[in-house]
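Here are my notes for a colleague opening this structure for the first time. Please read them with the model on screen.

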Amino acid sequence: MRIFCAYAFVACIAVANAGILLQHAPACPEQYGVQAYAHPELCDQFFLCINGTLTVETCENGLLFDGKGAVHNHCNYNWAVDCGERKADLTPYSTPGCEYQFGIYPDSAECSTSYVKCAFGIPQQEPCTPGLVYDERIHGCNWPDLLQPFCNPEAVVGFKCPTKVPANTQSAKFWPFPRFPVPGDCHRLITCVEGNPRLITCEEGKVFDDQNLTCEDPELVPHCGHA
């Protein structure tokens, strides 16, 4: 994060609003392209240079500036930003389903495979990757076994890990994390972690070989080659 000519802006800051062109301000360090710089005192404002033109901008409600996130207009979710000594206005402007105009929230008081993402105060339900559930602690999706007893991984994945795996099986070769195929699914497998199932999705461009229980190139798995 860079502080751009911090003290030279103090006189301008008191009268400038979001998106207002700063008069008699120092020139932007770079005359071409787009650059954003932290405000020296306020965490919800920042300086924006576009092809040498300088404005002061205010993050949308629920967002703050750290020079890292880009949820909207160079700003990041407030819970992801370390403001340091800079002050932040965290007053929520709520609409139905959204505490802040921008944010991520649980969509249920129960274990859920989806969540609510708010933008401009409009809630939109978003699904987690299959096999994952929403974890409010990280504002994202996580393995259900990491949220026990709030979540039941067997109910989420639809599989119960066996207590013993015969030594002569392909699954046993991956002990202590035995693998199992998902019937009819060419893209996913189940791995048991400490007795709890996790649904794993093969990386893009790979398919699951239910014979050796690994993700392979499609041409090596004929019955899944066009899946």
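1. Start at C118. This is a predicted model, and in it C118 is buried, with a relative accessible area of 1%. Its disulfide partner is C98, with the sulfur atoms 2.1 Å apart. C98 is buried too, at 2%.

2. Look at what this bond connects. C98 lies in the loop between β6 (76–77) and β7 (103–106), and C118 in strand β8 (residues 114–119), so the pair ties together parts 20 residues apart in sequence. The S-S torsion is about -90°, so the disulfide is left-handed.

3. How many disulfides are there in the model? The count comes to 9. Another of them joins C28 to C49, S to S 2.2 Å. C28 sits in the loop between β1 (20–21) and β2 (34–38), and C49 in strand β3 (residues 45–50), so parts 21 residues apart in sequence are tied together. C28 has 4% relative accessible area and is buried. C49 is buried at 0%.

4. Next, C161 and C192. Their sulfur atoms are 2.0 Å apart and form a disulfide. C161 lies in the loop between α2 (153–157) and β12, and C192 in strand β13, so the bond links parts 31 residues apart in sequence. The torsion is about -100°, so this disulfide is left-handed.

5. Three strands form an open, antiparallel sheet in the order β12-β13-β14. β12 (179–181) and β14 (196–201) are at the edges with a single partner strand each, so one side of each has no neighbour in the sheet. The twist averages 30° from one strand to the next.

6. Finally, check the β13 and β14 pairing. 6 bridges join these antiparallel strands. L189 stands opposite I200 in β14.

Notes: Residues are numbered from 1 along each chain as its sequence is written. This is a predicted model: local features need pLDDT of at least 70, side-chain atom pairs count only at pLDDT 80 or more; totals for chains, interfaces and linings use all residues. Side-chain values use heavy atoms; hydrogens and water are left out. Two strands pair if DSSP finds at least two bridges between them. Helices (H or I, at least four residues) and strands (E, at least two) are DSSP runs, numbered from the N terminus. Axes are lines fitted to C-alpha atoms, for helices over the stretch in contact, and angles run from 0 to 180 degrees between N-to-C directions. A disulfide is a pair of cysteine sulfur atoms within 2.5 Å. Buried means under 20% relative accessible area, exposed over 50%, partly exposed in between (1.4 Å probe, protein chains only).
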